Amino acid sequence: MPTLKEGANRSFATPIPHMGEPDWSKVSQIPINESDEPLVPLGLAPLPIKVFPVYAKQGVPGAVDECYVRETTYRRLLQVARSLPDGMGLVVLDGWRPWRVQQYLFDTLYESLRAHHSDLSEAELTVRTREFVSVPSRSQQAPSPHLTGGAVDVTLCDADGITLDMGTLFDEAVSESHTVSLEEIEVPTERQRIARDNRRLLYNAMAAQGFTNLPSEWWHYDCGDQLWAYHSGQPAARYGPAELETVEDRWRKQL
């Protein structure tokens, strides 16, 4: 069984505070002071980080078979992984996300909700969809969080690489996926208690390195983007939309 490092037990077990859903109209108005940090591949990161680019594995059109993040985000994720209890690892499921993938995920969830909730208006369907997938945007002033390279989807695993129980599956669009949902259960079952404690561990380890959490998704964390600035009270974001530079792109610059 994983063991907690000295002094970590209390901080990792701290209950997750309740956070309201973001006001996206305010999020989009936060200025971006672009840092121009490069996107770097997490596949090069040492243990205890593990990378599983979930959308590429699922065959989502346009998904890349790697998880890229901005350099500061990369280094902070390493610090998170190194702070975890012995025998645990941090699994990165997604980072920088091409706009095409964002559009696919939004449309897929929207259509699924419409098929199951024919009574909802288009506006209501958009609100429900946005609970779990940000509206696709390539705007320089208000990009989708994952397009910046500052947003990451993460979970925890044991020493054998088996992901820990977090109460719901990654990307499961249900209310139980809200980060604090298990905190609100007065008498949790043993499984709910374990999942709650795993969420606490992930949340507190990420928060200690400056990440903020999207309240509707226990797996989504931000660093440097507008959502991070909104939740942390920063006057400006550091990351705007980013593009993945290929080897061909670099050759063209040298010509």
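Is Phe106 buried or exposed? Phe106 is buried, with a relative accessible area of 9% (buried means under 20%, exposed over 50%, partly exposed in between, with a 1.4 Å probe and protein chains only). This is a predicted model, in which local features need pLDDT of at least 70 and side-chain atom pairs count only at pLDDT 80 or more, while totals for chains, interfaces and linings use all residues. Residues are numbered from 1 along each chain as its sequence is written, and side-chain values use heavy atoms, with hydrogens and water left out.

**Aromatic rings**

- The structure holds four aromatic pairs (rings of Phe, Tyr and Trp, the last by its six-membered ring, pair if their centres lie within 6.5 Å; planes under 30 degrees apart count as stacked, over 60 as edge-to-face and the rest as tilted).
- The ring centres of Phe106 and Tyr110 are 6.5 Å apart and their planes are at 20°, so this pair is stacked.
- Both Phe106 and Tyr110 belong to helix 5 (residues 99-116), where they are four residues apart, about one turn of the helix (helices are DSSP runs of H or I with at least four residues, strands are runs of E with at least two, and both are numbered from the N terminus).
- An α-helix has 3.6 residues a turn, so residues three or four places apart point the same way.
- Tyr110 also counts as buried, at 13% relative accessibility.
- Phe170 and Trp219 have ring centres 5.4 Å apart and planes at 70°, so they form an edge-to-face pair.
- Phe170 is in the loop between strand 5 (151-157) and helix 7 (190-208), and Trp219 is in the loop between strand 6 (212-213) and strand 7 (220-222), so the pair ties together parts that are 49 residues apart in sequence.
- Both Phe170 and Trp219 are buried.
- Tyr55, Phe170, Trp218 and Trp219 are linked into a cluster by ring pairs.

**Helix 7**

- The 19 residues of helix 7 should span 27 Å at 1.5 Å a residue, and the end C-alpha atoms are 27 Å apart, which agrees (the expected span is 1.5 Å times one less than the number of residues).
- Buried residues in helix 7 include Ala195, Leu201, Leu202 and Tyr203.

**Cysteines**

- The structure has zero disulfides (a disulfide is a pair of cysteine sulfur atoms within 2.5 Å).
- For Cys157, the nearest cysteine sulfur is that of Cys67, 14 Å away.
- Cys157 is buried, with a relative accessible area of 0%.
- For Cys223, the nearest cysteine sulfur is also that of Cys67, 16 Å away.
- Cys223 is buried at 1% relative accessible area.
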